[in-house]
Amino acid sequence: LTFGVLIFLGLGVSVVYPGYLAQLHDMSLARSSSILAGANLTMIAGSMLCGVLLTRGMTTSALFLVLTVVGSIAGIGSFAPWPWLGATLAALLLWQVCTGAAMAICASLLPRVVTPAHRAAAAGLLSQTGAILTFITPPVWVPAAAGQWIVPALIIVAGWVLAMVLLPRHA
């Protein structure tokens, strides 16, 4: 379930952010889309950082709590109407790092919460969750983000908190 919430957040931001950024900083949609596409690459850094921290003994719950706090703040900062593009982009990059790390946590938990006989089915379920959310997310995010920065920011905070609550504790 945590995975689904993270997909909902990440896809939602990807759907509405180019238009929001273009309007906020008076740039073309092509430029803002390119910025978001480049920023998505920082998710890789987040995944690698997560791997390093987990192999050095940090617990998944502690790391996810840090990601929830930092990711929420970065999500708010990504949508806050900063007059400086640099502040907006710094928040966006941090948001992407947190999202990449959180997705890595979900992947790392799979072998601990699913028996070996059911791992392929669980992986398929994760894939189908992403596919289903591809259809559900845009109709929720697009109206929610229309003309207001605070609504997407609140969705991000609520989503991070929900993802934290849904994270398996026994892993």
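Me: Is Cys50 buried or exposed?
Reply: Good place to start! This is a predicted model, where local features need pLDDT of at least 70, side-chain atom pairs count only at pLDDT 80 or more, and totals for chains, interfaces and linings use all residues. Residues are numbered from 1 along each chain as its sequence is written, and side-chain values use heavy atoms, leaving out hydrogens and water. Buried means under 20% relative accessible area, exposed over 50%, and partly exposed in between (1.4 Å probe, protein chains only). Cys50 has a relative accessible area of 2%, so Cys50 is buried.

Me: How many disulfides does the count come to?
Reply: A disulfide is a pair of cysteine sulfur atoms within 2.5 Å. The closest cysteine sulfur to that of Cys50 is in Cys106, 9.3 Å away, which is too far for a bond. For Cys98 the closest is in Cys50, at 11 Å, again too far. By this rule, the count comes to 0 disulfides.

Me: What kind of aromatic pair do Tyr17 and Phe79 make?
Reply: Rings of Phe, Tyr and Trp (its six-membered ring) pair if their centres lie within 6.5 Å; planes under 30 degrees apart count as stacked, over 60 as edge-to-face and the rest as tilted. The structure holds 6 aromatic pairs. In Tyr17 and Phe79 the ring centres are 5.2 Å apart and the planes stand at 90°, so this pair is edge-to-face.

Me: Which residues form one aromatic cluster?
Reply: Both Tyr17 and Phe79 are buried. One aromatic cluster is formed by Tyr17, Tyr20 and Phe79.
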